[in-house]
Amino acid sequence: MPVGNDNMRKLYHFHGGIHPPSNKTQSTRATIARAPLPAKLVIPLHQHAGETAKPVARVGERVLKGQLIGMPDGIVSSAVHASTSGTITAIDMQLIAHPSGLPNLCATLIPDGEEEWVPRKAIDYRDHSPAGLQHLLRMAGVVGLGGAAFPSDLKLSLDRHKITTLVLNGAECEPYITCDDMLMRERAAEIVQGAEMLRFMLDAEEVLIGIEDNKPEAIASMRAAVAAGGHRRMEVIAVPTVYPGGGAKQLIRVLTGIEVAAGVRSTDKGVQCFNVATAYTVHRAFAHGEPLLSRIVTITGNVLHPRNYEVLIGTPIAELVALGGALPDTDSYIMGGPMMGFPLPSVQVPLVKATNCIIASSKKIFPPPPPVMPCIRCTRCADVCPADLQPQDLFWFAQSREFGRAQAFNLFDCIECGACSYVCPSHIPLVQYYRFAKSEIHAREHDKQLADKARVRHDYREQRIEREKQEKADKLAAREKAAQAARLAGAQPLTAQQQAEQAELETSRAHIRELAQSAVEHADEGTTK
Amino acid sequence: MFFSPLISKSDSVSAIMLKVLLALLPGIVLYVWYFGPAILVSITLASLTALGTEALMLKLRDRPIMPFLKDNSALLTAWLLALSIPPLAPWWMVVVGTAFAIAIAKHLYGGLGNNMFNPAMVGYAVLIISFPAQMTHWIAPHGMVISELTFPQQLDFIFHDVLPNSDTLDALTMATPLDTLKTHLHLDQPMRQILDMPIYGRFAGHGSEMVALGFLLGGLYLLASRIISWHIPAAFLGTLFVLAGIFHLVDPAHYAGPLFHWFAGASMLGAFFILTDPVSSPTTNNGRLIYAAGAGLLTYLIRVFGGFPDGVAFATLLMNICVPLIVLYTQPKVFGKKGSQP
C-alpha cells in the first residue's frame with residue numbers, strides 16, 4: 001500500500017533505478033524479538049571501515065557487559081566492546097563475515113549469563129561540546145549501521161563546513177531487508193531523539209527523514225514520533241520506492257536535489273547523511289551510556305520463521321539461522337540483500353555491526369543465472385544506471401583490460417548497486433567486471449606509488465653523494481689556500497733548492513688529486529650501472 | 001561461487017529477438033494478403049540458410065552452437081533481408097545474400113554483438129550491387145497486372161527460373177512506387193499525373209503502403225514493450241518528413257510529399273526494425289538522434305538525387321560507420337557532474 005506523495009516538499013528524481021520484487025512482508029509480520037544469549041561470542045576487532053582496534057583485554061580476563069576490549073587505533077577506527085559479561089578465552093585470528101573469506105583478529109567471549117554491566121553514565125548532550133560528543137561516540141563504537149560501518153564520529157567532524165541539512169536514511173531499498181523498517185515502527189521516538197542529537201553536533205538547520213513509500217507503518221510511526229516530540233524543522237518524507245533509492249547519494253538527491261559526485265563529500269554541499277539505526281545507536285550512547293553492543297538483524301529467505309531479531313554483536317550467524325529455522329534445501333547464506341550482499345564463507349562466522357540481514361539461500365529462491373551471452377548493446381543497463389554511466393562501454397573496457405579508458409569513462413563513479421546486472425538480458429555479471437577493473441587499477445596505482453617512492457629515494461641518494469663530494473673538495477681547497485697564505489706570510493724568500501722541492505710537492509699533490517678524482521668517477525659509473 | 005546481484009529480471013536475448021520477429025508479423029501478413037505467399041518462400045529459405053550458416057560459422061569458430069542458434073538473432077537477420085528483396089528473386093540470391101550476411105558481416109566481425117554493420121543490410125547491398133536486374137523482380141500486387149502467377153508457378157520461377165509459356169517477366173512484375181516515380185519524373189511527367197496511376201494506391205503505393213502500415217504497427221508494439229526507444233524512429237521519420245515537406249512545398253511538381261516518403265520503400269521497416277538494431281546503432285540517446293537523423297537525410301538524398309531506387313540500406317550502412325564517433329561525442333554527463341543543480 002503506497003503512501004503516495006502526501007509530502008509538502010518537492011522531490012527530485014535520479015536517473016534509472018529498478019523495481020525488483022521487494023520480498024519484505026515475510027519478515028515484518030512479527031515484532032522484533034530478542035535473540036537468546038549464545039553459548040559463545042566471537043567479537044571481531046575489525047568491524048568498521050579503517051584500522052583494526054587494538055585489543056585491550058587479556059585472555060582469561062573476566063569482562064563486564066559494555067567493557068572496552070578493542071581500543072580505536074588510528075584516526076579512522078572505532079572501539080569494540082564486550083557484548084555481555086563473561087570470560088575472554090582467546091584473542092586470535094578467526095574467520096569473519098567478509099567477502100574475501102580471510103580470517104581477522106577476534107576476541108572469543110564465553111558469557112557467564114549474568115549480563116553484568118560496566119557502570120553506565122547517561123549524559124545530556126546539550127551540556128557537551130560537539131568535539132567531546134564525537135569522542136564519546138568513538139569510544140562507544142558507534143559506526144554507520146547502513147552497511148559501510150564507517151565511524152560516525154568522523155562524519156561529524158566537519159572542519160569549517162556549514163551543514164544545512166541532516167538527511168536520515170530510512171529508505172531501506174534492498175529487497176528482503178526489513179531491520180530499519182521494524183526499528184522505525186517500534187522505536188521511532190529513540191530514532192528521532194538520536195536525530196536531534198546528530199543535528200546538535202552538526203549544527204544543522206533541518207532534518208529530512210527519507211523513507212520509501214512501501215513502508216507506510218514506519219512512515220506513520222516516525223511522523224507520530226516527530227509530532228509527539230515537538231521537533232521543529234524535522235520532516236518525515238515518503239520517497240518513491242525504487243532501487244537503489246536508499247543509496248546515500250541517491251537519497252540526498254531525491255530529498256534536496258543536490259547531486260554529490262564521486263570523490264566529493266556531501267558535507268562540501270552542506271548535507272550529511274546517517275542511517276536511522278545509527279541515529280538510534282547515538283541515542284543509546286548518550287541517553288543511556290550504552291556502547292554499540294547489539295543491532296537489529298533480519299533473518300529471512302528460505303526459513304520457516306522470517307523475522308527481525310535484536311542480536312548481540314559476536315553472535316555466531318548459525319544461532320540466528322537456527323532461530324529462523326532454515327529449510328533443508330538451504331545451500332548458502334547471504335549477508336546483506338540480494339542486490340549487493342555476499343555469500344558468507346561459513347555459517348559459523350560472527351555477526352558484526354554491519355550485518356543488517358541474513359538470507360538463507362536455495363536454488364529455488366535464487367536460481368543460478370542462465371548462461372552468459374555476448375553483450376548486444378541494448379543499453380538497458382545504461383537506462384537503469386543511477387550514476388548515469390554507460391555500463392556496456394565499461395564492460396567492454398574491463399573485458400579487454402583497457403583500464404585507462406574505463407577510468408576515463410568514469411568507472412569510479414560506479415556504486416556497484418547491481419541494477420545493470422539485474423536487467424542484463426545477456427546475464428553478464430557486470431558488477432564483477434567493474435570490481436575487477438577497479439581492483440586492477442588500484443593495484444597498478446599502488447605499484448606505481450612504490451616505484452615513484454623508490455625513484456625519489458634513489459635521486460636523493462645521488463644528490464647526497466654529489467654534495468658530499470663537493471664539500472670534501474671545497475674543504476681541501478680551503479685548507480691549501482690557508483697553507484699557501486701562511487707560507488706567504490712567512491715572507492722569507494725561498495732558495496732555489498726549496499723552490500724545486502715545493503714544485504715537486506705540488507705536482508705529486510695534483511697527481512694524487514687526479515687519482516682520487518678518477519676513483520670517484522669510477523665509483524659513479526658503478527652506481528649508475 | 002556466485003555473485004551479487006543474485007536476482008535478475010527474467011529476460012533474455014532470445015526473448016527480445018523473438019519479440020522483434022513477432023512484431024514483423026503484421027507486416028508479413030499484409031504482404032501475403034496483397035502480394036501472395038511468395039514472400040513466405042523467401043523468408044523460409046533465408047531462415048534455413050541463416051541457421052545453417054550460423055551453425056557452420058559457430059563450429060568453425062569453436063563456439064557453443066545451440067545457445068547461439070536459439071538466440072533468434074540469425075532468424076531476425078534472415079527475415080529482414082528476405083523482406084528487403086523481391087519475393088520473385090531466384091532462390092540462390094536469397095541464399096547468397098543471407099549466407100554473406102551471417103558469415104561475413106556477422107561472424108567475421110566476432111559474431112553476435114560485435115558486428116559493426118547491420119548484417120541484413122550488408123546482404124542487401126551485396127545483392128543489389130551484384131545482381132541489379134534480379135533485384136527488380138518485385139511482384140505486382142493483386143489486381144494490378146492482367147496475368148498473375150499461381151503459387152506453384154511462382155515456386156517454379158523462384159527455383160527453376162521457368163515461366164509459363166504465355167507470360168513474360170515484364171508482364172508479371174512491376175517496378176516499386178519509388179522506382180516508378182523516379183522513371184516517370186525523368187520523362188518529365190508532372191507529379192500529379194504520376195501519382196494518379198493505380199500503383200500509388202491511397203497515398204504511397206497500392207499494397208505496399210498497407211505493408212508499411214503493418215510494420216508501423218509492429219514498431220509501435222516494440223516501442224510499447226520498451227524493446228526500442230523512441231529516439232531512432234522519431235529522428236529518422238522526422239528528418240524524412242521535414243526534408244520531403246520542404247522540397248514538396250517549394251516544388252510540388254517534382255518532389256513527392258512527406259507521407260509518400262514515409263510509406264514508400266523501406267522507411268517504416270528501417271525506422272523501427274533496421275536502424276534500431278542495437279548492435280550496430282549508437283548507445284547514447286543523443287547519439288541515436290544524430291544517427292537516425294543522418295540516416296533520414298541520406299535516405300532522402302539517395303532516393304531523390306541518387307541512382308538507387310531506395311536509400312534505407314545504404315543510409316544505414318553509411319551511418320553504421322559513424323557510430324563509434326557519434327557515441328564518443330555524445331557521452332552523457334554522469335551523476336553529480338551535470339551543470340545545473342538547485
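**View 1. Pairing of strands 15 and 17 in chain A of the predicted model.** A:Ile334 lies opposite A:Ile359, a residue of strand 17 of chain A. Strand 15 covers residues 332–335 and strand 17 covers residues 357–361, both in chain A. The two strands run antiparallel and are joined by four bridges. In a regular strand, side chains alternate between the two faces of the sheet.

**View 2. The hairpin of strands 15 and 16 in chain A.** Strand 15 of chain A also pairs with strand 16 of chain A, residues 342–343, in the antiparallel sense. Two bridges connect this pair, and A:Met335 has A:Phe342 in strand 16 as its bridge partner. Six residues separate the two strands of the hairpin. In the turn, A:Gly336 has a positive phi of about 95 degrees.

**View 3. The largest nonpolar core.** This core has 251 residues. Those with the most contacts inside the core are A:Ala195, A:Ile211, A:Met222, A:Val297 and B:Trp79. Helix 1 of chain B, residues 13–35, supplies the largest share of the core, eleven residues.

**View 4. Surroundings of A:Val297.** Neighbours within four places in sequence are left aside here. The remaining contacts of A:Val297 include A:Cys179, A:Tyr309, A:Val311, A:Leu320 and A:Leu351. A:Asn308, A:Thr355 and A:Asn356 are also in contact with A:Val297, as are A:Cys357 and A:Ile358.

**View 5. Helix 14 of chain B, residues 267–274.** This helix is mostly covered, with eight of its eight residues buried. The buried residues are B:Ser267, B:Met268, B:Leu269, B:Gly270, B:Ala271, B:Phe272, B:Phe273 and B:Ile274.

Methods:
Residues are numbered from 1 along each chain as its sequence is written. Chains are lettered from A and ligands numbered from 1 in the order in which they are written. This is a predicted model: local features need pLDDT of at least 70, side-chain atom pairs count only at pLDDT 80 or more; totals for chains, interfaces and linings use all residues. A residue is buried if 20 or more other C-beta atoms lie within 10 Å of its own, exposed if 12 or fewer, and partly exposed in between; C-beta atoms are placed from the backbone. Two strands pair if DSSP finds at least two bridges between them. A nonpolar core is a set of buried Ala, Val, Leu, Ile, Met, Phe, Trp, Tyr and Cys residues joined through C-beta atoms within 7 Å. Two residues are in contact if their C-beta atoms, placed from the backbone, lie within 7 Å.
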